[in-house]
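This report describes a predicted model.

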Amino acid sequence: MLNIFGGGGDNQNDNDKDNTVAKNFKASGSSKNGPTNQVIRKVNGIKQRRLGGSDIIVSELGLGTQRWVSSDFNAPNQEECYKFMDYAILKHGGVNLLDTAEQYPIPSDDRAAQEGDTERIIGQWIKDRKVPRDKVVIATKITGGRNVTPKNIVADCEGSLQRLQTDYIDVYQLHWPQRYSPQSNWGQSLAYNIDNDSNLYWRGMEGPTSFEDLCLSMEKLIQQGKIRGWGLCNDNAYGLTACTRTAKALGTTPPCTMQGDFSLLDRKSEENGVAEAASPYNENVGFLAYNALAGGMLTGKYLNVQAAVDDLDGNRERAKQSIQNPRGRMDTKGWGVTLYRYRTAAAQQAIREYQALLLSQQSKFRLKGGLTELSLRWCRQRSLITSTLVGHSNLQQLQDSIKYFSMAEPLPDELMWEIDRIHMKNRLPLFCSDRVGKDWNGSGEIGETIP
């Protein structure tokens with residue numbers, strides 16, 4: 001087909017794309033530092049990129065720590081977490097990014113696993129291993145919603161600094177927006193609901209913290225040397241642009257990053273305005289992707305036997321066995337229900353098609369790591385993504401991730417196009433559902449407002 005629009009999209013060679021963007025960006029005089037996602041160096045095969053318009057340089061693979069020392073059945077304990085950091089940061093050396101939050105670990109039980117423990121583990125590791133502070137980029141988060149106030153931004157940051165045993169945090173993020181936003185509930189809601197925004201939770205007590213107060217509070221922490229940069233998480237194009245434009249109007253430091261759910265099954269950030277807003281030619285904001293393996297669904301381990309909570313009606317005995325010997329989070333009653341969006345009929349159909357693509361072209365593409373390798377390397381090549389945050393349950397999984405991110409050759413254009421062809425059949429599989437009850441009256445699978 002004749003290409004009348006030009007350009008190679010995200011299938012363009014990484015090095016060519018980096019050089020073109022950097023050259024054009026410099027010519028435009030858009031920032032004193034440079035364009036987001038600019039490759040600054042490569043360490044043992046892993047690229048380290050600029051985060052937004054800041055001087056913060058992060059590895060394109062980051063360690064996701066949500067479940068570290070949590071109450072999950074297969075959560076890594078302190079010894080295993082130390083091994084992860086020892087291997088990725090000290091031995092291999094290509095990884096420098098740790099992403100955490102004051103709420104981590106999740107889940108916590110207020111006994112063996114308490115909120116804040118993940119930050120404590122990271123801080124203690126840095127102290128025990130005598131790691132130079134500039135060898136590690138630490139991103140952490142303040143709990144979102146109405147917790148985000150000028151007072152709490154300062155107080156919660158101080159709490160994180162103490163638990164991390166450090167003088168500064170590299171990137172301080174809002175875990176979810178300080179205002180009502182449909183996607184901040186992690187369900188299947190995509191539509192803005194003005195009734196929800198009118199709720200007293202949001203509109204009482206003078207309403208949510210303004211963008212002006214948010215930007216000024218973050219700037220105060222920057223000027224005090226307590227954070228190097230700040231960002232958003234689970235937000236959208238409106239939140240991103242409102243923050244950057246407000247900061248610029250006030251003369252304060254704009255956010256350097258947005259963090260969000262992103263995978264082969266969830267490309268909404270590329271297609272709903274976030275990628276356009278974050279572009280180095282627009283707001284110049286980095287993007288940290290999480291759930292690149294869709295809660296484990298994109299490893300392929302649930303292809304032959306479906307997740308336990310979905311199996312209860314059709315094969316109750318098999319479901320019980322899966323619950324007793326879980327393969328992953330989807331076989332547990334808690335996560336299995338909460339993370340339903342990764343197991344919609346549309347999502348599972350897409351997963352089967354990606355798996356079939358690999359099997360049918362095995363001799364041509366030779367991805368020995370199967371769906372896991374495909375999913376992670378695909379994320380690595382998207383122009384929006386600065387770093388992909390990956391959680392691991394054991395050291396072998398981490399070693400595999402590092403291997404995939406260290407590969408010199410990108411996925412071939414032909415394979416990327418075949419992936420796009422599957423994607424075009426259903427662009428939002430996570431937000432489709434054939435399990436909407438007639439009497440649910442506007443509620444989704446986990447009680448969120450839909451559509």
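Asn 96 is buried, because its relative accessible area of 7% falls under the 20% cut-off. The residue belongs to the loop that connects helix H2 (78–92) with strand E5. A polar atom of the Asn 96 side chain is placed 3.0 Å from the backbone oxygen of Ile 57. When neighbours within four places in sequence are set aside, the contacts of Asn 96 are Gln 48, Ile 57, Val 58, Ser 59, Lys 135, Val 136 and Val 137.

Strand E5 (residues 97–99) runs parallel to strand E6 (residues 137–142), and 3 bridges join the two. Within this pairing, Asp 99 has Ala 139 of E6 as its bridge partner.

Both strands belong to a barrel closed by 8 strands with parallel pairing, in the order E4-E5-E6-E7-E8-E9-E10-E11. On average, neighbouring strands of this sheet are turned by 30 degrees against each other, direction ignored.

Helix H4 touches E6, strand E7 (169–174) and strand E8 (227–233), while helix H7 lies across E7 and E8. Their directions relative to individual strands are listed below.

| Helix | Residues | Reference strand | Angle |
|---|---|---|---|
| H4 | 150–164 | E7 | about 135 degrees |
| H7 | 211–223 | E8 | about 150 degrees |

Note on methods. Residues numbered from 1 in each chain as written. Predicted model: local features only at pLDDT ≥ 70, side-chain atom pairs only at ≥ 80, totals over all residues. Heavy atoms only, no water. Pairing = 2+ DSSP bridges. Helix = DSSP H or I, 4+ residues; strand = E, 2+ residues; numbered from the N terminus. Axes fitted to C-alpha atoms, helices over the stretch in contact; angles between N-to-C directions. Contact = heavy atoms within 4.5 Å. Buried < 20%, exposed > 50% of the residue type's maximum accessible area, 1.4 Å probe, protein only. Polar contact = N/O pair within 3.5 Å; in protein donor to acceptor, adjacent residues only side chain to side chain.
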